[in-house]
Amino acid sequence: MRARIEKIFDTWKRCYGLRRMRWRGLAKAAVQIHLTAIAYNLKRTMNILSVPA
């Protein structure tokens, strides 16, 4: 269970720039994390839904 969660955070850090927060403040940091989660889930959904020919 732990490895599955840490893999997601690792992907966010490597591919989506979450090594550093873009803005100062808790509310703006939360927005950045939410936008990253949305982007990750959209990309994952597209990979799941794409059916090989």
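Let's start in helix α1, residues 2–15, where Phe9 and Trp12 both sit, three residues apart, about one turn of the helix. Helices here are DSSP runs of H or I, at least four residues, numbered from the N terminus.

A word on the model. It is predicted, so local features need pLDDT of at least 70 and side-chain atom pairs pLDDT 80 or more, while totals for chains, interfaces and linings use all residues. Residues are numbered from 1 along each chain as its sequence is written, and side-chain values use heavy atoms, with hydrogens and water left out.

Back to the helix. An α-helix has 3.6 residues a turn, so residues three or four places apart point the same way.

Now the rings. A search of the whole structure turns up three aromatic pairs. Take Phe9 and Trp12: their ring centres are 5.5 Å apart and their planes are at 80°, so this pair is edge-to-face. The cut-offs: rings of Phe, Tyr and Trp (its six-membered ring) pair if their centres lie within 6.5 Å; planes under 30 degrees apart are stacked, over 60 edge-to-face, the rest tilted.

Is Trp12 buried or exposed? Trp12 is buried, at 11% relative accessible area. Phe9 is partly exposed, at 45%. Buried means under 20% relative accessible area, exposed means over 50%, and partly exposed is in between, with a 1.4 Å probe and protein chains only.

Next pair: Tyr16 and Tyr40. Their ring centres are 6.4 Å apart and the planes are at 80°, so this one is edge-to-face. It links distant parts of the chain. Tyr16 is in the loop between α1 and α2, Tyr40 is in helix α2 (26–49), and 24 residues separate them. Tyr16 is partly exposed at 25%. Tyr40 counts as buried at 17%.

On to α2 itself. How many residues does α2 have? It has 24, and reaches 34 Å from its first C-alpha to its last. That is close to the 34 Å expected at 1.5 Å a residue. The expected span is 1.5 Å times one less than the number of residues.

Which residues of α2 are buried? Ala29, Gln32, Thr36, Ala37 and Tyr40. What covers them includes α1.

Last stop: Val51, in the segment after α2. Val51 is exposed, at 70% relative accessible area. Val51 and Leu26 are 25 residues apart in sequence, and 40 Å apart in space, C-alpha to C-alpha.

How values were computed:
Helices (H or I, at least four residues) and strands (E, at least two) are DSSP runs, numbered from the N terminus. Contact means heavy atoms within 4.5 Å.
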